[in-house]
Amino acid sequence: MNSLYLPKDSLIHSLDPRTKMIFVAFVVASSFIMNDPALQLLLLVSLFPLVVIAKLVKPYLISIQFLLLFAVLIMTVHGIYNPIGVTPVFEIFGGLTFKYESMVYASVMSFRILVIGTGAVLFVMTTHPSDMASALVKWKVPHSFAFILLSTFQIIPIIAREAKIVMEAQQARCLDVKGNIIQRVKNLVPMFAPLFIITFMKVHQLSYVLECRAFSRKGNKTSLRETNIGSLDYSFLLGMLAVLVFEIYLKLFMMGSFQWTTDALLTYSLIGTWVVCGFMLVKFLVKRFQGKFGGVN
Amino acid sequence: MSEQAIEVKNLTFEYPDTEEPVLKNINFTIDYGEILGIIGPTGAGKSTLAMCVNGLVPQVIQGEIEGEIYVKGMNVHESDVAAMSEHVGFVFQEPENQLSQMTIEEEIAFGMGNLGVPRDEMLVRIKDALSQVGLEGFEERSPLALSGGQQQRLAIAAVLAMRPTIMIMDEPTSMLDPKGKNEVYDVLKNLKAYGMTGIIIDHEVERIAAYCDKVLVLDEGEVKMFGTTEEVFTEIDRLHELTLHAPQVTEFLSQYNRTFHKNAALATTIEKAVRSYESANK
């Protein structure tokens, strides 16, 4: 399988792709409505049970690691250097001060990335691309657009293989791929020109094939994969609506009445991301180390 | 006169970027249940001719066309390719370029979906098509995980599921290894048993001799020879003039006759050739 879809037997998997698309939109909207680090952290934590229900904890944690790298960078750099900060919170290395306002700004931004990332990962890993395409068609998205989405998954591995063939062929014609950086950039032309031509030819041929498979035929089209909105979808949608209404209420009327975004929360979340990132770095180094000296033992 | 499966009348076609027509005044007919083999050197216009029959030329691939083509009594130029695809299936040369879906069953269902076949019917047809090409049990796999021969058989299955009466194959085995070729030709043999009408373009004259009822020799856009397999392949000198050759058994008998001044009847299949050789030796 070329997509990120992981077939599992779970409630989230059995939801209609349309419900899940609405869910992603809901997550994005929520992450902007809850414009506060504490609330966003709450949102992130409350999304986690869904990951557990979808039985995707391990693949989720692996994919979210990369987003965490962004979070660490944003929180550290913005926390220190963003000019909106005035109130100092704490200091490292003598001169670098984290300020409250800039930390709030950075936390909102990085938690938003994590929240949206979680929603997207949930969607992508639990939805078969073909189901997504047929759901889009049900939403009156043009058939050809759904096809483009779907065929992308199909053409990427083909292009990757062609790229390898072109590279090897050009190397066999003495193309230097290990030279200095300028040489290598120059070499991109003899690599990409044939690759583009091959890809265009393939797509051209595919267009004839599609024509022969009645792709441009007008009238009703049917799909092998069935997607139905059932009671589970309706309850999920209702749940989302309820949460959304609550969020808006919170935003409009309650924002001033509580103060969860304290210095401690900001500091701990910053240190938390550092610790996790440090852990990842150590793991990475250990792996490299093992790779280098593994053969000796 | 009864209606023919395919009738081509005075067909002339010219691509916009060429000086000379690629097809010149072509005439032939195929009856229902017959399989026509088209042979000829590269660049003779074989693929263009095949694509004319289902309307890809000139509707998708532009050019100047004259003459008329009737498929099952319908004028191809008055119909469009998508509508023709219900009657004429087309299998291309390269297996991989014909596959666009995530799994094998979806690949087969794709054409049917475009025709608006209901889902229950689809499931039946998928099963049928897969058993016809010998790919049962592969439904959930990715088409890219198949071998070349299997991919080409899948492409054939995808066309078969649309239930055309006429099947056109443009060099379906040229990208395949011998095993893959055998796989594809075994499928063809099945189709013939089902009574399907077909056009096959191939360079392997042995296969053409074994599977086709009629042969059309195309050279520089002109029909040089057209007739039953026997008629065409026994005119060895004519074939040699066109830089083509007859099946090896026919070539053998011809050479044998010439070298030993015998008079063995030329045959195109091994079985007939053995008998002919034996009777000439008596």
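**Figure 1. Helices and strands of chain A in the predicted model.** Helices, of at least four residues, and strands, of at least two, are runs assigned by DSSP and numbered from the N terminus. By this definition, chain A of this predicted model contains 11 helices and 2 strands. Along the sequence, the elements of chain A follow the order α-α-α-α-β-β-α-α-α-α-α-α-α.

**Figure 2. Overall dimensions and packing of chain A.** Taken along the principal axes, the C-alpha atoms of chain A fill a box of roughly 65 × 60 × 45 Å. The radius of gyration of chain A is 25 Å, whereas a compact globule of 297 residues would have a value near 19 Å. Of the 297 residues in chain A, 27% are buried. When contacts in chain A between residues at least 6 apart in sequence are considered, 78% of them join residues at least 24 apart.

**Figure 3. The two domains of chain B.** Chain B is divided into domain 1, residues 6-233, and domain 2, residues 247-282. The centres of these two domains of chain B, taken over C-alpha atoms, are separated by 33 Å. Where they touch, 7 residues of domain 1 of chain B are in contact with 5 residues of domain 2 of chain B.

**Figure 4. The side of domain 1 of chain B that touches domain 2 of chain B.** In this view, the contact between the domains involves 7 residues of domain 1 of chain B and 5 residues of domain 2 of chain B. Helix H8 (205-211) and helix H9 (229-233) of chain B each supply at least two residues of this side of domain 1. The largest share, 4 residues, comes from H8(B). By type, the residues on this side of domain 1 of chain B divide into 4 nonpolar, 1 polar and 2 charged.

Figure 5. In soluble globular proteins, nonpolar side chains tend to be buried together. The largest nonpolar core here has 88 residues, and those with the most contacts inside it are Val53(B), Ala157(B), Val159(B), Ala161(B) and Ile168(B). Helix H6 of chain B, residues 148-160, provides the largest share of this core, 7 residues. Another core, of 31 residues, lies apart from it and includes Leu50(A), Ala71(A), Phe111(A) and Leu266(A).

**Figure 6. Surroundings of Val159(B).** Val159(B) is one of the residues with the most contacts inside the largest nonpolar core. Leaving aside neighbours within four places in sequence, Val159(B) is in contact with Gly89(B), Phe90(B), Val91(B), Pro164(B) and Met167(B).

Technical notes. Residues numbered from 1 in each chain as written. Chains lettered and ligands numbered in written order. Predicted model: local features only at pLDDT ≥ 70, side-chain atom pairs only at ≥ 80, totals over all residues. Domains from an automatic or database assignment. Contact = placed C-beta atoms within 7 Å. Nonpolar A, V, L, I, M, F, W, Y, C, P; charged D, E, K, R; others polar. Core = buried A, V, L, I, M, F, W, Y, C linked by C-beta atoms within 7 Å. Buried ≥ 20, exposed ≤ 12 C-beta atoms within 10 Å, placed from the backbone. Rg over C-alpha atoms; globule rule 2.2 N^0.38 Å.
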